[in-house]
Amino acid sequence: MARRILLYLAFLLFTPALFSQEVITGLQSNIMLQSPNLSKPEVKGLSADTLSLPFFDDFSRNSISPDQGKWSDNFIFINDTYSSAQITKGVATFDVLDNYGNLYETASPSVFAADRLTSKPVDLNFAPGSAIYFSFLYEAGGLSDPPEANDSLTLQFYAPAERTWYSVWRMAGKPETGFRNVIIPVDQPRFLRKGFRFRFMNYASLSRNLNDPSMLGNCDIWNIDYVRLNTGRSPSDTISNDVAFRLPLRSLLQDYESMPWKQFLQVYLQEMGGYIPVNYRNNDVIVRNVTRDFEIRDVYQNVKSHSFTAGAVNVDPQVNTNYDASLIYTFGSSNPDSALFKITCSLKTDEFDPKVNDTLVYYQVFSNYFAYDDGSSEGGYGINGLGSRNAMFACRFKSFIPDSLRAVRICFNDSYLDANQRMFDLMIWSDNNGTPGNLLYSIEEEMVEAGSRINGFYTYRLPIALPVNGNFYVGWKQRSETFLNAGYDINTSPKDRQFYWLNGSWNPSQVNGAVMIRPVLGSKLLTGIEKDQEILSGKVKIWPNPAKDQIRMNINERPYSSSAFISVIDMSGHEVMKVPFTETLDISRLSNGVYIVVTVVDGRRIGYNRLIKSR
């Protein structure tokens, strides 16, 4: 897609920022993998099941994890957002994040072993000369940070009788674009046995620029696709006799990925898209005929709302087709406050085609918030460098009816060594001819919170309902010269609705993706739907304050825990002290100034206190 850009502004990652500027950096964690319902630990040991040929996987399943019927571990990330060059939907991404979405503990500027993907045992008890070949596609970088020369992607085969892995292919990191074909004969007797396996591994290295740990992120990306192992093949058998969808579905709205249902009902003629955009490809060497079918279903009412066929068409070989299926329909439901629609697109192809990649599903969400992003963060956004203290970011939204702004959801990425654990001011502005105008409301000294329950978003509630009508802006004001590392979606674009403030003026944002910030409108938020904003200074008491050498602490109405600890953060956002929880904390070594004391119990932040250290 034309809107897609490289995730990294590479030179910013390897040299300190000398002047204030917008910065895009890699992820420190993958919030999708951190969900307890999605992330699973490595599958230990060998499976008792042995697979038979053919082996095929193009990673088209609607899952972020590899197919456990084919693979014995779970370190890589299945996605549709790290590449736009795949031949079918879904790729397997190798990076520096583990199966829980966190930076590997062994990660360092030196080369280290990162992700791996290991097949289950395969029965290769065939005679030599069976023309067994293993093939796959690989891509270095894709839409993300490419591997450097010292990094690599390797392929290994397992000899069952010897219980030994052999390296059979290796590719060093280098600048290149698109997917490349690899096909390898499997003809050595040591491999032609029952219990044969294969695995991919990537070797990566973090940036050596450690001046600002929050600049270190997910890097050295490799994508693989279309893994095939079978008999009766030849060295030239790299053509896939397959017509398949390539890219995921997106929102059918004109401007938003999601918007409040009652707002949509007021402007449905304006905001409803007139087509369903799909992208499919004929990977064969001959012309193929396909039929395109579409269905929209009201999930809450459990009824089919609309369906149609776009008919059959011939597709030329080795061609990507971008097709806009005309849509004469407007979302409608009897639900008064929210709605959910399932959009299904399918291809009817020849019987010999793999079918798993012939269907796309997208859920159109109408809730109580506006969103430009698709909920998937591929990078981090912030304003960094000298002079960026007090820098501001703002994103424009439009309330089509008089409404009440209740909260702002922001996706903040986890950062290396909690480097972005700092404070900011939450800001809301009016409109001034297409740019942020007068300040309508602000909340000072909010803490960066990495959300974990609602798609990685943390909800910052407003103490009062703020009336909005027409264009308004939500964003933040920085309190230091180090960026906040907000989630950045590379696959969607707010179309000139993002701005940053430096040196006394607002400037249009130069990044092409969407910063992941969502205003919540409507009636009062219900208790229990979201995690409340937890600036809970009342639950943790400190005294004296100001203090000279030590402070006393008490957790109000909360039992002590062996996992409780105290973190002290300076106003630049750097953690200057981290100790197990104690009733008496020695602060004598701290310099005079203002600090934030964060109390954590059982992995949950339960209190923030502003501390003044003085002599």
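## A core to start from

A nonpolar core is a set of buried Ala, Val, Leu, Ile, Met, Phe, Trp, Tyr and Cys residues joined through side-chain atoms within 4.5 Å. Keep that in mind as you look at this structure, which is a predicted model. The largest nonpolar core here has 70 residues, and I276 and F331 are the ones that touch the most other members. Strand β25 (residues 458-478) gives this core its largest share, eight residues. Apart from it lies another core, this one of 35 residues, including L53, F59, F136 and L192.

Which residues does F331 contact, if you leave aside its neighbours within four places in sequence? The list is L252, L253, W261, F264, M272, I296, F341, I343, Q364 and F366. Here is some background for that picture: in soluble globular proteins, nonpolar side chains tend to be buried together.

## The chain as a whole

Let's zoom out. The protein chain has four helices and 37 strands. Of its 615 residues, 56% are buried. The accessible surface comes to about 25,500 Å², and carbon and sulfur atoms account for 49% of it.

Now take the contacts between residues at least 6 apart in sequence: 76% of them join residues at least 24 apart.

## A sheet around β15

Strands β13, β15 and β18 form an open sheet in the order β13-β15-β18, with antiparallel pairing. At the edges stand β13 and β18, each with a single partner strand, so one side of each has no neighbour in the sheet. On average, neighbouring strands of this sheet are turned by 30 degrees against each other, direction ignored.

How many bridges join each pair of strands? Three bridges join β13 (residues 243-245) to β15, and eight join β15 to β18 (residues 319-326).

Now pick out V319, which lies in strand β18. V319 is partly exposed, with a relative accessible area of 33%. V319 and R281 are 38 residues apart in sequence, yet their C-alpha atoms are 5.7 Å apart in space. Not counting residues up to four places away in sequence, V319 touches Y280, R281 and N282.

## A second sheet, with a hairpin

Move along to strand β31 (residues 540-543), where the side chains alternate. A hairpin of six residues joins β31 to β32. These two strands pair in the antiparallel sense over four bridges, β32 covering residues 550-555. In this pairing V540 stands opposite I555.

What is the order of the strands in this open sheet? It is β31-β32-β35, and the pairing is antiparallel. The edge strands are β31 and β35 (584-586), each of which pairs on one side only. β32 and β35 pair over three bridges, with Q550 opposite D586 in β35.

## Charged partners

Side chains of opposite charge can pair when their charged atoms come close. Here, the count comes to 16 salt bridges. R288 meets D284 in a salt bridge, 3.0 Å from N to O, and forms another with D350, where the closest N and O atoms are 2.7 Å apart. The R288-D350 pair links distant parts of the chain, 62 residues apart: R288 is in strand β16 (residues 288-298), and D350 is in the loop between β19 (339-348) and β20 (359-367).

Are these residues buried or exposed? Buried means under 20% relative accessible area, so R288, at 3%, is buried, and so is D284, at 4%. D350 is partly exposed, at 30%.

Another salt bridge joins D425 and R479, with the closest N and O atoms 2.8 Å apart. D425 lies in strand β23 (residues 423-432) and R479 in the loop between β25 and β26 (486-489), so the pair ties together parts that are 54 residues apart in sequence. D425 is buried, with a relative accessible area of 7%, whereas R479 is partly exposed, at 21%. Finally, salt bridges that share partners join D284, R288, D350 and D353 into one network.

Methods: Residues numbered from 1 in each chain as written. Predicted model: local features only at pLDDT ≥ 70, side-chain atom pairs only at ≥ 80, totals over all residues. Heavy atoms only, no water. Pairing = 2+ DSSP bridges. Axes fitted to C-alpha atoms, helices over the stretch in contact; angles between N-to-C directions. Buried < 20%, exposed > 50% of the residue type's maximum accessible area, 1.4 Å probe, protein only. Contact = heavy atoms within 4.5 Å. Areas by Shrake-Rupley, 256 points an atom, 1.4 Å probe, with all protein chains shown as cover. Salt bridge = Lys/Arg side-chain N within 4 Å of Asp/Glu carboxyl O.
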